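Subject: Structure handover

Hi,

Here is the structure for you to look over. My notes follow below it.

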Amino acid sequence: MNKPTVSDALPGDDSAVDMALVRRVQRGDTRAFDLLVSKYQLRLAKLVGRMVSDRAEVQDVVQEAFIKAYRALPNFRGESAFYTWLYRIAINASKNHLVARSRRPPADDVDITGGEVEEAGIVLSDIATPEAYLVKDQLKAALARALNELPEDLRTALTLCELEGLSYDEIARVLDCPIGTVRSRIFRARRTLDVKLKPFV
(Lines give C-alpha, C1' and ligand atoms only; values in the text may rest on other atoms or scores of the structure.)
Protein backbone atom coordinates (compact mmCIF):
# COMPACT_ATOMS: atom_id res chain seq x y z
CA MET A 1 0.00 0.00 0.00
CA ASN A 2 1.37 3.40 -0.98
CA LYS A 3 2.22 5.96 1.69
CA PRO A 4 -0.54 8.59 1.92
CA THR A 5 0.15 12.08 0.61
CA VAL A 6 -1.54 15.39 1.21
CA SER A 7 -2.93 15.28 -2.32
CA ASP A 8 -5.04 12.30 -1.19
CA ALA A 9 -7.04 14.71 0.96
CA LEU A 10 -9.25 17.34 -0.63
CA PRO A 11 -8.55 19.88 -3.38
CA GLY A 12 -8.78 23.62 -2.75
CA ASP A 13 -7.66 26.11 -0.14
CA ASP A 14 -4.78 24.88 2.04
CA SER A 15 -6.41 25.78 5.35
CA ALA A 16 -9.64 24.15 4.18
CA VAL A 17 -7.70 20.97 3.38
CA ASP A 18 -6.14 21.03 6.85
CA MET A 19 -9.52 21.51 8.48
CA ALA A 20 -11.01 18.65 6.46
CA LEU A 21 -8.17 16.40 7.63
CA VAL A 22 -8.68 17.53 11.23
CA ARG A 23 -12.36 16.65 11.01
CA ARG A 24 -11.43 13.20 9.68
CA VAL A 25 -9.02 12.67 12.60
CA GLN A 26 -11.74 13.75 15.02
CA ARG A 27 -13.97 11.05 13.50
CA GLY A 28 -11.29 8.43 14.16
CA ASP A 29 -9.37 8.41 10.84
CA THR A 30 -5.73 8.05 11.94
CA ARG A 31 -4.57 8.03 8.31
CA ALA A 32 -5.68 11.66 8.05
CA PHE A 33 -3.33 12.55 10.91
CA ASP A 34 -0.49 10.81 9.03
CA LEU A 35 -1.18 13.24 6.18
CA LEU A 36 -0.90 16.23 8.52
CA VAL A 37 2.35 14.87 9.97
CA SER A 38 3.73 14.35 6.46
CA LYS A 39 2.77 17.88 5.46
CA TYR A 40 4.21 19.72 8.48
CA GLN A 41 7.02 17.50 9.77
CA LEU A 42 9.85 19.28 7.94
CA ARG A 43 8.55 22.77 8.72
CA LEU A 44 8.21 21.91 12.39
CA ALA A 45 11.73 20.45 12.45
CA LYS A 46 13.12 23.72 11.03
CA LEU A 47 11.20 25.75 13.59
CA VAL A 48 12.27 23.58 16.54
CA GLY A 49 15.84 23.48 15.20
CA ARG A 50 16.10 27.22 15.73
CA MET A 51 15.52 26.71 19.44
CA VAL A 52 17.03 23.26 20.11
CA SER A 53 20.52 22.80 18.69
CA ASP A 54 20.95 19.01 18.99
CA ARG A 55 19.57 17.30 15.88
CA ALA A 56 18.48 14.14 17.70
CA GLU A 57 16.69 16.22 20.31
CA VAL A 58 14.95 18.22 17.56
CA GLN A 59 13.34 15.01 16.31
CA ASP A 60 12.26 14.12 19.85
CA VAL A 61 10.66 17.54 20.34
CA VAL A 62 8.89 17.38 16.97
CA GLN A 63 7.54 13.94 17.83
CA GLU A 64 6.39 15.21 21.22
CA ALA A 65 4.67 18.17 19.54
CA PHE A 66 2.77 15.85 17.17
CA ILE A 67 1.77 13.58 20.06
CA LYS A 68 0.44 16.57 22.01
CA ALA A 69 -1.36 17.83 18.91
CA TYR A 70 -2.96 14.43 18.31
CA ARG A 71 -4.18 14.26 21.91
CA ALA A 72 -5.53 17.80 21.76
CA LEU A 73 -7.19 17.49 18.33
CA PRO A 74 -10.57 16.37 19.72
CA ASN A 75 -10.87 19.84 21.26
CA PHE A 76 -9.61 21.76 18.20
CA ARG A 77 -12.45 23.95 16.90
CA GLY A 78 -10.73 25.70 14.01
CA GLU A 79 -10.74 29.16 15.59
CA SER A 80 -7.24 29.58 14.14
CA ALA A 81 -5.49 27.88 11.22
CA PHE A 82 -4.32 24.36 12.04
CA TYR A 83 -0.66 25.14 11.36
CA THR A 84 -0.82 28.23 13.60
CA TRP A 85 -2.17 26.04 16.38
CA LEU A 86 0.45 23.37 15.64
CA TYR A 87 3.33 25.89 15.64
CA ARG A 88 2.26 27.13 19.05
CA ILE A 89 2.37 23.57 20.39
CA ALA A 90 5.85 23.08 18.86
CA ILE A 91 7.20 26.30 20.37
CA ASN A 92 5.86 25.37 23.80
CA ALA A 93 7.27 21.83 23.47
CA SER A 94 10.68 23.33 22.61
CA LYS A 95 10.63 25.62 25.62
CA ASN A 96 9.53 22.80 27.91
CA HIS A 97 12.30 20.58 26.54
CA LEU A 98 14.96 23.20 27.27
CA VAL A 99 13.62 23.80 30.78
CA ALA A 100 13.56 20.03 31.43
CA ARG A 101 17.19 19.84 30.34
CA SER A 102 18.01 22.74 32.69
CA ARG A 103 19.43 24.73 29.85
CA ARG A 104 19.71 28.42 29.42
CA PRO A 105 16.98 30.17 27.42
CA PRO A 106 17.01 29.47 23.67
CA ALA A 107 18.96 32.66 22.92
CA ASP A 108 22.16 30.63 23.29
CA ASP A 109 20.86 27.44 21.71
CA VAL A 110 19.72 28.66 18.29
CA ASP A 111 21.91 27.67 15.36
CA ILE A 112 21.04 29.62 12.23
CA THR A 113 22.83 28.16 9.22
CA GLY A 114 23.69 29.82 5.96
CA GLY A 115 20.75 28.19 4.18
CA GLU A 116 18.33 29.67 6.69
CA VAL A 117 19.97 33.05 6.29
CA GLU A 118 19.18 32.91 2.59
CA GLU A 119 15.60 31.85 3.36
CA ALA A 120 15.24 35.04 5.40
CA GLY A 121 15.25 36.96 2.14
CA ILE A 122 18.74 38.41 2.32
CA VAL A 123 20.25 38.18 -1.14
CA LEU A 124 24.00 38.40 -1.24
CA SER A 125 26.04 39.34 -4.28
CA ASP A 126 27.47 36.24 -5.90
CA ILE A 127 30.46 37.76 -7.68
CA ALA A 128 33.02 34.99 -8.01
CA THR A 129 36.01 36.68 -6.37
CA PRO A 130 37.80 35.68 -3.16
CA GLU A 131 36.95 39.09 -1.66
CA ALA A 132 33.24 38.69 -2.47
CA TYR A 133 33.14 35.21 -0.91
CA LEU A 134 34.90 36.54 2.19
CA VAL A 135 32.38 39.39 2.58
CA LYS A 136 29.50 36.97 2.00
CA ASP A 137 30.79 34.57 4.67
CA GLN A 138 31.40 37.44 7.09
CA LEU A 139 27.86 38.74 6.55
CA LYS A 140 26.35 35.29 7.10
CA ALA A 141 28.34 34.85 10.30
CA ALA A 142 27.38 38.34 11.50
CA LEU A 143 23.70 37.69 10.77
CA ALA A 144 23.79 34.36 12.61
CA ARG A 145 25.43 36.04 15.62
CA ALA A 146 22.96 38.92 15.55
CA LEU A 147 20.00 36.54 15.45
CA ASN A 148 21.42 34.46 18.28
CA GLU A 149 21.88 37.58 20.41
CA LEU A 150 18.27 38.72 20.03
CA PRO A 151 16.07 38.16 23.09
CA GLU A 152 13.95 35.02 22.72
CA ASP A 153 10.66 36.89 22.23
CA LEU A 154 12.07 39.07 19.43
CA ARG A 155 13.82 36.20 17.67
CA THR A 156 10.75 33.95 17.78
CA ALA A 157 8.49 36.66 16.34
CA LEU A 158 11.00 37.48 13.58
CA THR A 159 11.52 33.80 12.77
CA LEU A 160 7.79 33.17 12.40
CA CYS A 161 7.44 36.25 10.18
CA GLU A 162 10.52 36.10 7.96
CA LEU A 163 11.34 32.39 7.82
CA GLU A 164 7.91 30.79 8.27
CA GLY A 165 5.92 33.44 6.41
CA LEU A 166 3.19 33.80 9.04
CA SER A 167 1.09 36.96 9.12
CA TYR A 168 1.13 39.24 12.18
CA ASP A 169 -2.33 37.96 13.10
CA GLU A 170 -1.15 34.33 12.91
CA ILE A 171 1.96 35.11 14.94
CA ALA A 172 -0.20 36.76 17.59
CA ARG A 173 -2.21 33.54 17.87
CA VAL A 174 0.91 31.36 18.00
CA LEU A 175 2.54 33.49 20.70
CA ASP A 176 -0.74 34.25 22.48
CA CYS A 177 -0.16 38.00 22.58
CA PRO A 178 -1.76 41.13 21.08
CA ILE A 179 -1.00 41.92 17.44
CA GLY A 180 0.49 45.25 18.55
CA THR A 181 3.04 43.35 20.61
CA VAL A 182 3.95 41.25 17.55
CA ARG A 183 4.47 44.40 15.45
CA SER A 184 6.63 45.92 18.17
CA ARG A 185 8.77 42.79 18.56
CA ILE A 186 9.37 42.44 14.83
CA PHE A 187 10.15 46.16 14.48
CA ARG A 188 12.64 46.01 17.37
CA ALA A 189 14.23 42.82 16.00
CA ARG A 190 14.67 44.32 12.53
CA ARG A 191 16.05 47.56 13.94
CA THR A 192 18.57 45.64 16.06
CA LEU A 193 19.69 43.58 13.06
CA ASP A 194 19.99 46.72 10.91
CA VAL A 195 22.35 48.29 13.45
CA LYS A 196 24.48 45.15 13.83
CA LEU A 197 24.71 44.50 10.08
CA LYS A 198 25.24 48.11 8.98
CA PRO A 199 29.02 47.64 8.48
CA PHE A 200 28.32 44.85 5.97
CA VAL A 201 25.55 46.35 3.80
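Which side chain makes a polar contact with the side chain of K39 at 2.7 Å? The partner is D18, side chain to side chain. Please keep in mind throughout that this is a predicted model.

**Overall make-up**

The protein chain has 9 helices and 0 strands. Read along the sequence, the pattern is α-α-α-α-α-α-α-α-α. The chain holds 201 residues, and 45% of them count as buried. Its accessible surface comes to about 11,100 Å². Carbon and sulfur atoms account for 52% of that surface. Now the contacts between residues at least 6 apart in sequence: 65% of them join residues at least 24 apart.

K39 counts as buried because its relative accessibility is 19%, and the cut-off for buried is under 20%. Besides the contact with D18, the side chain of K39 makes a polar contact with the side chain of Y40, at 3.5 Å. Y83 sits 44 residues away from K39 along the chain.

The axes of α1 and α2 come within 7 Å of each other. They cross at roughly 140°, and the crossing is left-handed. On the α1 side, the contact is made by D14, D18, L21, V22, R24 and V25. On the α2 side, R31, A32, F33, L35, L36, K39 and Y40 make it.

A20 is buried, because its relative accessible area is 18%. A20 and A32 are 12 residues apart along the chain, and their C-alpha atoms are separated by 8.9 Å.

**The nonpolar core**

Which residues touch the most other members of the largest nonpolar core? F82 and L160 do, in a core of 58 residues. Eight helices are named here as supplying at least two residues each: α1 (14-26), α2 (30-49), α3 (55-72), α4 (82-100), α6 (130-149), α7 (152-163), α8 (168-175) and α9 (179-197).

F82 deserves a look on screen. Leave aside its neighbours within four places in sequence, and F82 is in contact with D18, V22, L36, Y40, L73 and F76.

**T159 in α7**

Is T159 buried or exposed? T159 counts as buried, because its relative accessibility is 9%. The residue lies in helix α7. A polar atom of the T159 side chain lies 2.8 Å from the backbone oxygen of R155. Not counting residues up to four places away in sequence, T159 touches L47, R50 and E164.

A142 lies in helix α6. A142 counts as buried, since its relative accessibility is 7%. P199 is 57 residues from A142 along the chain, and the two C-alpha atoms are separated by 9.9 Å.

A72 lies in helix α3. A72 is partly exposed, because its relative accessible area is 27%. A72 and I89 are 17 residues apart in sequence and 9.9 Å apart in space, C-alpha to C-alpha.

**A backbone point**

Most residues other than glycine have a negative phi. The place of D176 is in the loop between α8 and α9. D176 is exposed, because its relative accessible area is 55% and the cut-off for exposed is over 50%.

**Where to look**

Then go to F82 and L160 in the core. After that, see T159 and the R155 backbone oxygen.

Best wishes

Notes. Residues are numbered from 1 along each chain as its sequence is written. This is a predicted model: local features need pLDDT of at least 70, side-chain atom pairs count only at pLDDT 80 or more; totals for chains, interfaces and linings use all residues. Side-chain values use heavy atoms; hydrogens and water are left out. A nonpolar core is a set of buried Ala, Val, Leu, Ile, Met, Phe, Trp, Tyr and Cys residues joined through side-chain atoms within 4.5 Å. Buried means under 20% relative accessible area, exposed over 50%, partly exposed in between (1.4 Å probe, protein chains only). Helices (H or I, at least four residues) and strands (E, at least two) are DSSP runs, numbered from the N terminus. Contact means heavy atoms within 4.5 Å. A polar contact is a pair of N or O atoms within 3.5 Å; within protein, one must be able to donate a hydrogen and the other to accept it, and residues adjacent in sequence count only if both atoms are side-chain atoms. Accessible areas come from the Shrake-Rupley method with a 1.4 Å probe; for residues, only the protein chains shown count as cover. Axes are lines fitted to C-alpha atoms, for helices over the stretch in contact, and angles run from 0 to 180 degrees between N-to-C directions. A crossing is left-handed if the near helix is turned anticlockwise from the far one by less than a right angle, and right-handed if clockwise.
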